[in-house]
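Dear colleague,

I am handing over the structure below, and I would be glad if you kept it open beside this message while you read. My notes on the sheet and on the contact between the chains follow it.

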There are 2 protein chains.
Amino acid sequence: MGAQPTDRTIAHTPYLRLISRGDWSFVQRTTGIGVVAIVAMTDDDCLILVEQYRPPVAGPVIELPAGIAGDLADYPLEELQSAARRELLEETGYEAAHLRELVTLASSAGLTDECVTLFFAEKLEKVGPGGGDESEDITVHTIPIASIDEWLTGAVRRGVLVDSRVYGALYLLQKERG
Amino acid sequence: MGAQPTDRTIAHTPYLRLISRGDWSFVQRTTGIGVVAIVAMTDDDCLILVEQYRPPVAGPVIELPAGIAGDLADYPLEELQSAARRELLEETGYEAAHLRELVTLASSAGLTDECVTLFFAEKLEKVGPGGGDESEDITVHTIPIASIDEWLTGAVRRGVLVDSRVYGALYLLQKERG
């Protein structure tokens, strides 16, 4: 979200920077120009979600397909929409004929400047295996929207966390579908 | 979410800790035992949201009333439900006769172990001014649920970010209301 005159970097890792701003502190990604997540609906009314192990919570998390825009060395000025298209394909194997920006949401503005831009994807075609890049191990779930509540409840019951954007996506999806 | 054998604290501030776990890094709150947020509905079908300036994004953010459980020196073992009741009162001035846990959601599990437990609050009574504690400057919004989409769109148009849990709350609210 840009730098401020009082910013001081307290520490950084290859991917994160801990910043002090006045009497506040927060974490910032060091790579990319934004984060995208995709609300992807198949023609037969299934929502596509991904599940992967997340070290910070030491367990699996159900999320929207998502990723960082502009974090590839040979494509630093990647637009958000291109990144959404790329991440959907990499993580799920689906190509979207229609892709449309919905809204940009703050992840947790007390502790990070991360914001995630959601895209609605439809007219999908399965063209690859999905599963993520070589550093990722992603399971793809294709869930009939009619049974999504039960499916999410079941995931929680088997000890899987759900990312907050999943529920946000369900609301936005209802509006898209009228 | 608990410590792992490989954890190493790279840096910390009074409120955050940057942790290295294997080849991953993430940020963790140093205070409290959990984070709560409240989906609060008045008897006349208004949703209560708060707006405050957030230094990490250098601007105002629309959020659910929320806060940290167990971050008060004289009450370290505060339960999540008690914290939800306290935060709702502090931030909005409302007391809830009914308060019920909904779900716990990961905030952004690639960069933090923060999870937020949402509570549904109803049968509200306005008993105080709200606005937060002495360190906070919170504006309370009471929005008819019938016009919430237009209201949020208007907020975005005037340059206010919306927190992702707000849209998640709208989905959960629809389920609560059948």
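In this predicted model, an open sheet of 8 strands is built from both chains, with mixed pairing and the order 7(A)-4(A)-9(A)-8(A)-11(B)-6(B)-5(B)-10(B). If you look for its edges, you will find strand 7 (66-69) of chain A and strand 10 (139-144) of chain B, each of which pairs on one side only. From one strand to the next, the twist averages 40 degrees.

Between the chains, strand 8 of chain A and strand 11 of chain B run parallel and are joined by 2 bridges, with D163(B) of strand 11 as the bridge partner of A106(A).

Helix 3 (residues 164-176) of chain B packs on the sheet, where it touches strands of both chains, including strand 8 (94-106) of chain A and strand 5 (46-54) of chain B, and its direction makes about 55 degrees with that of strand 11 of chain B.

As for the contact between the chains as a whole, 48 residues of chain B are in contact with 47 residues of chain A. On the side of chain B that touches chain A, helix 3 of chain B gives the most, with 8 residues, and the residues of that side divide into 27 nonpolar, 12 polar and 9 charged.

With best wishes

Notes
Residues are numbered from 1 along each chain as its sequence is written. Chains are lettered from A and ligands numbered from 1 in the order in which they are written. This is a predicted model: local features need pLDDT of at least 70, side-chain atom pairs count only at pLDDT 80 or more; totals for chains, interfaces and linings use all residues. Two strands pair if DSSP finds at least two bridges between them. Helices (H or I, at least four residues) and strands (E, at least two) are DSSP runs, numbered from the N terminus. Axes are lines fitted to C-alpha atoms, for helices over the stretch in contact, and angles run from 0 to 180 degrees between N-to-C directions. Two residues are in contact if their C-beta atoms, placed from the backbone, lie within 7 Å. Ala, Val, Leu, Ile, Met, Phe, Trp, Tyr, Cys and Pro count as nonpolar, Asp, Glu, Lys and Arg as charged, and the others, Gly among them, as polar.
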